[in-house]
Structures are given as structure tokens and as C-alpha cells.
Amino acid sequence: MGSKYPRSLRFHLPLWAFLLQVASILLFCFFISYDTLQMDQKFMVTYQVFQDLTLMAALGFGFLSSSLRRHSWSGVAFNFFMLALGVQGSILLDYFLGKTIQQNEPFDLFSIRKATMSTVPMLISAVAVLGKANLVQLAVMVLLEAAAFGAVKVVDKQVFTMDDHTIMMHGHVFGAYFGLLVAWCLSRSLPREMDEKAQTEKLQMATGSSLFGMLGTLFLWIFWPSFNSALVESQFINDKKRAVFNTYYALAVSAVTATSMSALSHPQGKINMVHVHNAVLAGGVAVGAPCFLITSPWIAMVLGLTAGLISIVGAKCLPVCLNHMLQIRNPRGIHYTFGLPGLLGAVTYILLIPISYNYPRLMVNNYMIKDWGALSFALAMGMVSGLLTGCLLKVKMWRAPHVAKYFDDQAFWEFPHLAVGF
Amino acid sequence: MGSKYPRSLRFHLPLWAFLLQVASILLFCFFISYDTLQMDQKFMVTYQVFQDLTLMAALGFGFLSSSLRRHSWSGVAFNFFMLALGVQGSILLDYFLGKTIQQNEPFDLFSIRKATMSTVPMLISAVAVLGKANLVQLAVMVLLEAAAFGAVKVVDKQVFTMDDHTIMMHGHVFGAYFGLLVAWCLSRSLPREMDEKAQTEKLQMATGSSLFGMLGTLFLWIFWPSFNSALVESQFINDKKRAVFNTYYALAVSAVTATSMSALSHPQGKINMVHVHNAVLAGGVAVGAPCFLITSPWIAMVLGLTAGLISIVGAKCLPVCLNHMLQIRNPRGIHYTFGLPGLLGAVTYILLIPISYNYPRLMVNNYMIKDWGALSFALAMGMVSGLLTGCLLKVKMWRAPHVAKYFDDQAFWEFPHLAVGF
Amino acid sequence: MGSKYPRSLRFHLPLWAFLLQVASILLFCFFISYDTLQMDQKFMVTYQVFQDLTLMAALGFGFLSSSLRRHSWSGVAFNFFMLALGVQGSILLDYFLGKTIQQNEPFDLFSIRKATMSTVPMLISAVAVLGKANLVQLAVMVLLEAAAFGAVKVVDKQVFTMDDHTIMMHGHVFGAYFGLLVAWCLSRSLPREMDEKAQTEKLQMATGSSLFGMLGTLFLWIFWPSFNSALVESQFINDKKRAVFNTYYALAVSAVTATSMSALSHPQGKINMVHVHNAVLAGGVAVGAPCFLITSPWIAMVLGLTAGLISIVGAKCLPVCLNHMLQIRNPRGIHYTFGLPGLLGAVTYILLIPISYNYPRLMVNNYMIKDWGALSFALAMGMVSGLLTGCLLKVKMWRAPHVAKYFDDQAFWEFPHLAVGF
């Protein structure tokens with residue numbers, strides 16, 4: 001079936017994307033250059049971490065949402081498109097933000113690593129919105145979210161004096177609630193029967209697609225320790241080590257908890273595949289912020305257990321309440337994978353700081369206020385900007401005047417009817 | 001189709017798994033803590049090896065058995081569940097065993113690495129049993145196997161003074177024969193027509209599923225050098241190097257041999273996909289034990305060739321004999337991938353020790369007796385404990401009183417009829 | 001459907017492959033041995049790069065062509081077979097070539113790395129030919145191509161004094177045009193209606209298969225920086241760093257360009273999946289040769305943009321012209337992924353040398369002549385040897401006397417009708 005967009009829109013979107021790319025090259029040309037002086041003997045080691053991050057972002061998040069048959073291909077392809085564009089944008093944004101706050105960091109592998117991590121909130125939000133938005137809406141959403149997260153990063157750094165690691169971990173919470181509120185706005189505009197059609201369709205999964213979903217989940221699971229430890233400073237080598245260990249334990253426990261709780265909560269003792277896909281990662285998200293502070297494995301394991309319980313209990317009970325009260329439908333479970341576990345992790349981080357003295361924070365009260373402030377700001381910013389973006393995307397401008405209300409974005413990625421020559 | 005378990009069993013299994021997880025956290029809380037004093041500059045390098053092992057265990061073994069359409073999803077999911085639980089169990093077991101034999105090893109990345117390798121025999125056995133056992137039986141089998149392999153490890157270390165590397169390589173043999181004997185016991189209890197139904201079904205493979213099987217095989221193939229060299233001590237840097245090279249050559253040769261022999265043995269010159277899946281890994285298994293002793297690539301290549309021949313000839317000829325005599329049906333070819341090649345490798349290891357003088361073994365005869373003893377013990381222990389476990393699993397307790405004899409465990413992992421809210 | 005080969009051929013091919021393997025082991029036995037004296041502290045780091053290359057070659061190229069439903073399994077399996085055999089052959093070839101030119105390199109990980117990279121041109125050619133040739137033809141083609149590329153390597157090194165990195169980057173051009181000309185010869189021998197049948201069939205893609213194609217593309221995309229930087233000498237650590245960065249930027253830009261241009265060039269604004277599969281890699285290929293010379297990211301980005309444009313515009317416009325004039329059908333787009341971008345990169349490399357003074361080349365004119373010569377030689381050699389190989393493969397000897405003209409090689413890899421025992 002053909003796309004129902006008016007010709008202008010269909011033509012403009014890829015043109016805009018192309019012009020954005022050209023603009024990005026021009027900005028790189030004038031501002032970004034390599035640090036030729038810096039000699040880095042450990043280059044190949046840091047390169048491996050960077051490669052793990054790219055692998056997570058491209059394969060993990062790409063295939064995470066591929067279990068839905070209709071959106072599998074567009075999910076993977078758009079995730080990849082956003083990553084390639086988002087990393088360039090984040091490098092430029094970081095450069096200009098560094099200029100404004102008079103903090104000149106050298107440009108090296110660490111910059112690309114940070115830029116890759118900055119695109120993760122966008123990838124999370126896109127998972128929430130996939131199937132509810134068309135490509136134009138997704139592109140606008142990503143641009144607005146990049147700007148909003150850039151603002152969060154500057155405020156966190158300047159006002160709350162947070163380190164890069166904690167800012168990135170707040171990114172999970174930011175991305176999840178941003179995506180949720182955009183999805184909420186968009187699903188309100190869909191007529192009820194269309195939405196139910198979408199619900200029904202979720203059950204129609206091919207085995208192949210669900211294995212791709214599992215593949216994405218496993219890639220994220222395997223490389224999550226790299227993600228959590230990537231921005232922990234390397235001068236405290238034990239911090240990095242602890243970050244890896246704690247993430248590993250939390251993930252192992254949350255995987256076991258999620259699988260057994262999913263079977264336990266089902267009337268016939270079956271394991272819900274989608275619950276497992278989502279809940280398995282909750283432990284890694286929850287341990288994200290405090291991973292380098294935790295000194296005993298059991299604390300990380302308790303966090304993993306709690307996150308696993310939250311994600312399964314949340315997926316079972318909350319939808320019923322939320323559906324009736326707020327008409328929020330939790331799209332693709334990101335609320336229970338990234339939202340609530342991220343909040344749990346951020347709160348644990350704040351509570352652990354007074355206990356762990358190996359971190360140079362003397363005036364605990366003062367710092368705790370700052371930490372609470374930074375978390376609340378990230379959460380509020382995610383919700384407010386998500387709501388605004390959602391309202392903006394509901395405007396008729398982004399859709400054709402006389403178009404079917406629910407519309408498949410797969411047509412956009414579909415194979416053409418007539419392959420020319422190839 | 002719904003699960004035919006009685007309610008109590010369906011409810012108890014996930015509850016047991018959950019309680020096991022809670023117990024594991026409590027044990028970690030009281031006994032395991034990080035070594036904060038140890039500074040490890042090479043942490044990121046050893047972390048990569050550990051990541052390779054996790055990738056092998058989660059993706060490789062998970063997708064290895066996914067070529068069977070009915071069991072693909074449950075194979076991947078249960079493999080993942082076993083890995084997450086098994087690593088925790090192995091860390092605790094290693095700690096307590098280390099306590100009993102007064103050998104206090106520091107707790108670090110090496111411990112997790114060893115624990116991941118200790119779960120590999122269980123993953124191998126599970127591949128053999130998949131499709132013949134239900135989830136309850138699998139869970140019981142894994143617990144019993146973990147205990148039996150723990151005993152093998154202690155006896156190998158205390159009585160036969162073997163090093164970690166050789167013990168782990170005996171794990172292939174142990175896991176393969178354990179799984180084979182459990183599968184033999186279980187298949188005897190299935191009525192004949194049910195078993196034939198299962199045989200027929202193996203032919204019904206979707207292309208997608210077979211590509212997933214290939215994906216798993218390739219992941220194992222790529223990361224097998226990491227596996228074989230992971231426990232070779234790093235002070236002998238050349239040993240590690242040789243382990244990697246020899247494994248690589250053996251795998252390359254066994255892949256070529258397996259592919260060409262598979263075509264050669266087929267009346268129409270076709271290549272049997274399942275033979276290739278299994279035989280490709282045989283070379284890596286065979287070279288496992290002696291990989292750090294071999295000083296010329298051609299010895300490793302001859303081992304790879306022999307292992308490839310064994311696995312293909314075995315898959316062609318042995319089933320006919322065995323089927324008629326012993327009623328053993330070789331499930332999923334693990335006998336020819338892990339069993340026989342593992343034995344070949346262990347025997348080569350024993351024969352190579354007198355030749356290679358760079359290993360500090362002066363009284364060759366004395367040591368050879370010990371080596372033969374350790375191998376025989378691992379083999380015998382695998383067979384005896386497998387037989388006992390198989391008999392135990394045949395007891396009616398694990399199945400509902402009036403349940404269909406052959407029963408699909410996929411129902412357990414199936415998507416629920418009514419997705420709640422999500 | 002059964003294979004229509006005469007019995008002798010069906011029997012001989014795997015036998016030849018097996019004998020080739022035995023011959024390779026014998027040659028290894030007499031000539032290749034490990035360097036036991038060399039102590040390499042950085043072994044684990046270089047091992048990671050080598051693993052990335054194997055992963056690219058086995059998974060990336062294997063699944064790249066798996067989007068065609070009929071050839072998916074045979075594509076992955078034959079790619080794997082060629083890799084395992086090709087690496088052994090390349091090690092032997094490099095050894096004997098090193099002997100003839102009196103250049104005794106120590107045998108270490110670098111040798112395997114170079115050997116893996118030497119098989120890449122063969123994997124590229126095989127992608128072009130897949131679906132047009134049967135297995136016998138593919139095997140003959142690979143042997144002839146290995147010999148031809150060996151000749152290119154010797155002449156490049158002896159006559160044109162090129163370094164390993166540049167020779168390998170010429171390999172893309174060599175492999176692409178070799179494959180194209182073989183495919184051209186073979187497609188001329190197919191009757192027209194058969195060829196059209198093949199064209200139509202390309203449209204029949206399952207979603208699962210296209211996701212596998214995406215998986216292969218993403219693996220190549222992620223590990224391409226490792227590939228481009230693998231042979232850049234490690235004494236110039238900044239060169240290696242620059243190679244990684246430039247490849248990363250070029251790939252990101254070419255991915256964005258390819259996706260947006262594909263939508264722009266389609267009358268309905270849809271994105272052609274196959275275009276994206278191919279074009280995404282063009283940036284990495286184009287930046288391959290000059291990657292260590294480029295000192296500002298924007299130059300790499302412009303290269304990526306140009307390569308992306310070339311690959312999409314080429315795929316859209318060139319086939320129409322070429323189809324009418326030369327009857328060349330571009331098989332699987334390798335012309336636009338490896339051929340033209342490789343030429344672009346090689347030309348950029350030659351133009352950048354006078355500008356970049358950090359490379360020790362004083363007599364620029366003299367060197368530029370050598371560089372042009374080496375590139376022309378690789379291109380000409382690829383075309384001439386491809387044409388000769390194609391003519392040779394058209395000879396009736398390789399096919400049965402009374403066989404259907406277009407014939408499916410999948411039958412060869414198909415699951416046998418009667419699984420024996422397993």
C-alpha cells in the first residue's frame with residue numbers, strides 16, 4: 001500500500017535530513033579538529049569501550065523493538081538513522097556548550113563516547129513512540145529532544161555541578177518520561193478503535209521476529225556493564241572495576257527475577273516474552289547511577305531484584321490503573337525498563353553518597369540538595385518538554401489533510417513496487 | 001494450547017526460582033565482598049575476555065539450538081535464565097569449595113570468568129535435553145549437574161592436582177555425557193510414536209530459524225579462541241598466544257572438513273545444515289585441553305581435521321548402530337561436538353606432556369597416571385550422575401498424573417492469550 | 001528438488017575441498033611454525049582487533065547477502081567456508097611470496113590479520129556472483145581470484161613499493177570489478193527470461209531475511225573502523241587514531257546521506273531497503289585508503305557524503321544506461337558499495353599525499369606516478385582476471401550436459417529429504 005502523505009511532505013523530509021547533514025559537515029569544517037598533539041598509548045583499550053557502546057546503540061536498541069512484526073524493519077532502520085545523525089549533532093552541541101561555559105575539553109575518543117551516550121535518551125524515546133508516529137513526527141521529536149537534553153546537560157553541569165556519569169544516567173529517566181508523554185499525547189489523538197487494533201496486532205508476532213527482539217535484548221544485556229562504566233573516570237581504577245561488577249550482578253539478578261516473576265504472575269504459569277524483553281534490563285538501569293559507589297555485590301543484587309520486581313509488577317498492575325484514570329497506555333514497556341528503574345537508581349545514588357566516604361564530598365547536606373535538584377530537574381524537564389513536543393506533534397501540519405488517522409509507517413520503508421535495475 | 005501442569009507445579013517452579021535468587025543474594029551479603037585493595041592496571045583488557053565469554057554463553061549457546069522451530073524461543077530464554085542463575089551459583093560454590101580446601105583466592109574478574117566457564121557444561125547438557133524435558137525437569141537437572149560438576153572440580157584439584165584450564169576442558173566431556181545419559185533415560189520413557197513425531201518435526205525448519213542457528217554457531221566459532229585461552233595463566237604470555245593461534249587453526253580446519261565431508265557423505269552431494277552446525281565447533285573442543293602445549297600449527301590442524309571427521313562420520317554411522325543396540329538417540333549432536341572431540345583433546349593433552357618440556361612436569365609417569373585418572377573420573381562422574389539424574393527425572397512426581405506423555409515446553413514460553421495492558 | 005549435477009561432479013567438489021585442506025595442513029607442517037622467542041606484552045589488545053576482523057568477515061559479509069530468500073542459507077554457509085579455507089591459503093601464499101622477495105616477516109598475529117584481510121576481496125566477489133553461479137563455479141573462481149590478488153600484492157610491493165594498508169584498500173576495487181566481470185560473463189550466458197525471473201525474485205523478501213541483511217550491514221558498519229585501522233602501523237599512534245575517527249565520521253555521514261537520498265529519489269518518498277544496505281558502507285570504503293592522512297573530520301565527512309551520493313545515484317541512474325548499452329546488470333550493488341567508493345578513496349589518497357607532510361614522501365611527483373600505477377594495475381588486473389575467470393566459468397565443463405540453464409544452488413545446501421538418525 002502506498003504512502004498517503006502529500007507530495008510536498010514526502011519530498012521535504014528527506015531533503016531536510018540531507019540539508020541537516022550538509023550543515024553538520026560545514027559546522028565540523030569550521031569548528032571541530034583533531035588534537036594532533038595528544039599521544040594516547042591506551043588508545044586501543046578505550047576504543048574497545050567505544051565500540052561496545054556503538055554496538056549497543058546500533059544493534060541493541062535497534063532490535064529491541066523488532067518483535068512487532070509491522071514495525072520491525074522501520075524500527076531498526078530509523079534507530080540507525082537517528083544514531084548516525086544524533087552522534088554528529090551531540091558532538092557539535094557539546095562543543096558549543098563547552099564554549100559557552102568556558103570549559104575547553106580536548107576533542108578525542110571521549111567526546112564521541114559521550115556523544116554516543118547522549119543519543120541514548122532519544123533512542124529510548126523513539127522506542128516508546130514507534131508505531132504511533134510517522135517518520136516526520138519522529139524527526140521533529142528527535143530534534144526537540146536533543147535540544148531539551150542539551151539544556152538539561154548544561155544546567156546539571158553549571159548549576160548543580162554534576163559529573164558526566166550522573167548526567168548520562170539521568171538521561172534514562174529523561175528519555176523515558178519524554179517518550180511516554182509524547183506517546184500519551186499522540187495516542188489521545190488516535191481514535192479508540194484504531195488504538196485497539198494496534199493492541200491486537202501486538203499479539204501477532206512471528207517466532208523469527210521475537211528471536212530478533214531477544215537478540216537485541218541480549219546485546220544490551222551483555223554490553224550494559226560497558227555502558228555504565230564508560231564515563232567513570234579512569235584515575236580511580238577501582239571505581240571502574242566496581243561499576244562493571246555491580247552492573248553485572250544487578251543484571252544477572254534482574255534477569256532471574258523477571259523470568260520467574262513473569263511466570264508467577266501469569267494465571268497459567270507461562271512466561272510473557274515481552275515482559276522478559278523489558279524487565280531483563282531494569283537491573284542494569286537501576287544500578288547505573290550508583291554503580292561506582294557500591295562496595296558489596298549484594299547491594300547491587302538487591303537493586304537488581306527490586307528493579308526486576310518493579311518492572312514486572314508495574315507491567316501487570318499499573319496499566320490497569322493508568323488505563324482507567326489517565327488513559328496512558330504504556331508503550332513498549334519503557335516506563336518499567338528505563339523510567340522507574342532509573343528513578344530507583346538515582347534515589348539510591350543520593351542515599352549512598354553520605355555512606356561512601358571514598359567520594360570527595362564533605363558537605364553532605366549541601367550536595368544532597370544539589371543531587372535532588374538535578375534529578376527533579378531532569379524528570380520535570382523530560383515531562384514538560386515531552387508534553388510540549390507531544391502537543392506540537394498533534395498539530396495537523398505534520399499529517400496530510402485527508403489521511404487515514406492510524407497510519408503505517410512501514411509503507412515508508414517498504415520495498416518499492418518496481419525495483420529499478422538492481 | 002494451554003499448559004497441562006497441575007496448578008501447584010506451575011506455581012511452585014517460578015516461586016522456587018525466585019526463592020533461590022533471594023537465597024543467593026543473602027549468601028552474597030554474608031560471604032562475598034570486593035577486594036578493594038587490589039589495583040589492576042590491565043583491568044580493561046581482562047574485561048574484554050570476560051565479555052567474550054558472556055557473549056558466547058548468552059548468544060552462542062542460546063541460538064545454537066534455535067534451529068528447531070518449536071523450541072527456538074524456549075531454547076534461547078532458558079539458556080539465558082540458566083546462565084544468569086548459574087554464574088551466581090558457581091561463584092558461591094567456588095567460594096565455599098575454596099574455603100573447605102583452605103585456598104583463599106581473591107575475589108575478582110577471574111572469579112566471574114571461572115564461574116561463567118563452569119556454567120558451560122550445564123548449557124551443553126541443556127542443549128541435549130531440550131525438547132525432551134519440561135522446564136521443571138530442566139531446573140532440577142541443572143541443580144544436580146552443578147553439584148556433580150562441583151564435586152569433579154574439588155576432586156580434580158585436591159586429588160589429581162589439575163589446573164583450572166584442564167578442569168574446565170574436562171567440563172565439555174562431563175557436560176556432554178551427562179546430557180546424553182539424561183536424554184537417553186528420558187527418551188526411553190517416551191512412547192515410540194511420540195519420539196518419531198519428534199524426529200519428523202526436526203525436518204520442519206524455517207529458513208529464518210536455521211539462520212539463527214548459524215548465527216549462534218558463528219558466534220561460538222568466533223569467540224572460541226577467547227574461551228580456550230581464558231584460563232591459561234598470563235605469566236606465560238606465549239602460552240596464551242599459542243592457545244589462541246592453535247584454537248583458531250583447529251577451528252578453521254574443522255569447519256572446512258565438516259562442510260566438505262557433509263557433502264561427501266550425502267548421496268546427492270548436498271550439505272546437511274545440522275551436521276555443519278555441530279561439526280564446525282568440534283575442532284575448537286578437541287584442541288581445548290592441549291591448546292597451550294602445541295608448538296606447531298599443523299598439530300592443531302590435524303586435531304581439527306580429526307575432530308571434523310569424527311563429528312561427521314559419527315553423525316552418519318554411529319546413530320545406526322546405537323539406535324539398534326542401545327536405543328540411544330543422539331540429541332542435537334552434542335556427542336560429536338563436545339563428547340568425542342573433548343575426549344580426543346584430553347587424550348592428546350596427556351600424550352603431549354612428555355614431549356613438551358616447557359611445562360614443569362618432571363616425573364612424567366606419575367603425572368600421566370594422574371591425568372588419566374582425572375579424565376576417567378570426569379567421564380565416569382558425568383555418566384553416573386547423568387544416569388542417576390535421568391532416572392530421577394523419569395519419576396512421575398515431575399509430571400502431572402494424567403498428562404500427555406510428550407509435551408511441548410514451548411507452551412510455557414508462549415505468548416499469553418490475553419496481553420494485559422501492554 | 002534434487003540437484004541436477006552429474007554424480008562425478010557432485011562427488012568431486014567436496015573431495016577436492018577436502019584434499020585441498022589436507023594439502024594445506026601438509027604445507028603448514030613443513031613451512032609454518034610459531035615464533036616462540038617473541039614476547040608480546042600487548043598481545044591481548046592486538047587480539048581484539050583480529051577478533052573484530054573475523055567477526056566482520058564471518059558475520060558481516062555472511063549476512064550481507066542473506067536478504068535474498070532463496071540464497072540466504074547458502075550465502076552464509078559458503079561465505080564461512082571461503083573464509084576458513086581462504087585464511088589458510090593466504091597465510092601460505094604470504095609466506096611463499098615473502099620467501100621469493102627475500103622479506104622474512106616473523107609469523108604472528110599480524111600474519112593472520114593480513115590473511116583475513118586478503119580474503120575480503122574474495123568475499124566481495126562472491127556476493128556479486130551469488131545466485132548466478134553454482135558451488136563448483138564459486139570454488140574455481142575463489143582459487144583463481146586468490147592467485148590473481150597474490151600477484152597484485154607482489155607487484156604492488158616490489159614494483160610500486162606500496163605499504164600493506166594501501167594494498168589492502170586496493171583490494172576493495174580489485175574484488176568489486178573482478179566479481180562484476182565474472183557476473184557479467186555468467187549473466188550473458190543465462191537466457192533472458194531466466195534473468196528476469198531472477199530479477200523478480202529479488203522482490204520476494206521475507207521480513208526476517210531483510211532483518212538478517214540489516215544485521216550483517218550493521219556488523220560491518222560497527223567494525224569497519226577496526227578494519228581500516230588494522231594495518232596502519234602502530235608506531236605512529238596518531239595515525240591509527242585518525243584512521244579510526246575518520247572512518248567513523250565517514251560512515252555516519254554516508255549512512256545519513258544514503259537513507260535520505262534513497263527516499264528523495266523514490267517517486268513516493270519510500271526508502272529502498274536494498275539501497276540502504278549497500279550505500280551505508282560506501283563511506284567507510286571511500287575513506288579506507290586515505291583514512292590515516294586526513295587531519296580534519298570534515299574531509300572524511302565530505303568523502304562519506306560523496307560516497308553516499310555516488311552509491312545511491314549510481315544505483316538509480318547507471319543501471320538504466322548500462323543495461324541498454326553493455327548488458328551489465330549490477331549484482332547486489334557491490335559496484336556502488338565497493339567499486340566506485342574504493343576508486344574515490346584511492347584517488348583521494350593520491351591527491352592528499354603532497355598536502356600531508358607528516359608522511360615521509362619527499363619526491364612527490366615520483367611517488368604520485370607510482371601510486372597511480374599501483375591503482376591502475378589493481379583495477380586492470382581485477383577486470384582482466386575477472387573477464388578471464390568469467391569466460392572460463394562459462395565453459396560447459398562446470399555444468400551438467402543437459403541441465404536447466406538457471407539453477408538453484410540452494411538445493412545444494414538444502415536439508416536432506418531423509419535425515420539419518422539425527
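Let's start with a word we'll need a lot: a residue is buried if its relative accessible area is under 20%, exposed if it is over 50%, and partly exposed in between (1.4 Å probe, protein chains only). Helices, too, need a rule: they are DSSP runs (H or I, at least four residues), numbered from the N terminus.

This is a predicted model, where local features need pLDDT of at least 70, side-chain atom pairs count only at pLDDT 80 or more, and totals for chains, interfaces and linings use all residues. Residues are numbered from 1 along each chain as its sequence is written, chains are lettered from A and ligands numbered from 1 in the order in which they are written, and side-chain values use heavy atoms, with hydrogens and water left out.

Take helix H13 of chain C, which covers residues 334–352. Of its 19 residues, 14 are buried, so H13(C) is largely enclosed by the rest of the structure. From first C-alpha to last, H13(C) reaches 26 Å, close to the expected 27 Å (that expected span is 1.5 Å times one less than the number of residues).

Now for the rings. A pair of aromatic rings is described by the distance of the centres and the angle of the planes. Rings of Phe, Tyr and Trp (its six-membered ring) pair if their centres lie within 6.5 Å; planes under 30 degrees apart count as stacked, over 60 as edge-to-face and the rest as tilted. Over all chains, the structure holds 63 aromatic pairs. Here are two of them:

| Pair | Centre to centre | Angle of planes | Type |
|---|---|---|---|
| Phe219(A) and Phe223(A) | 6.4 Å | 10° | stacked |
| Phe31(B) and Tyr95(B) | 5.9 Å | 40° | tilted |

Phe219(A) and Phe223(A) both sit in helix H8 (residues 207–229) of chain A, four residues apart, or about one turn of the helix. Phe219(A) is buried at 2% relative accessibility, and Phe223(A) is buried at 3%.

Over in chain B, Phe31(B) belongs to helix H1 (residues 7–31) and Tyr95(B) to helix H3 (residues 72–100), so their pair ties together parts 64 residues apart in sequence. Phe31(B) is partly exposed at 36%, and Tyr95(B) is partly exposed at 22%.

Finally, look at Ser229(B), in helix H8 (residues 207–229) of chain B. Buried or exposed? With a relative accessible area of 1%, Ser229(B) is buried. Not counting residues up to four places away in sequence, Ser229(B) touches Lys240(B), Ala243(B) and Val244(B) (contact means heavy atoms within 4.5 Å).

Key:
Helix = DSSP H or I, 4+ residues; strand = E, 2+ residues; numbered from the N terminus.
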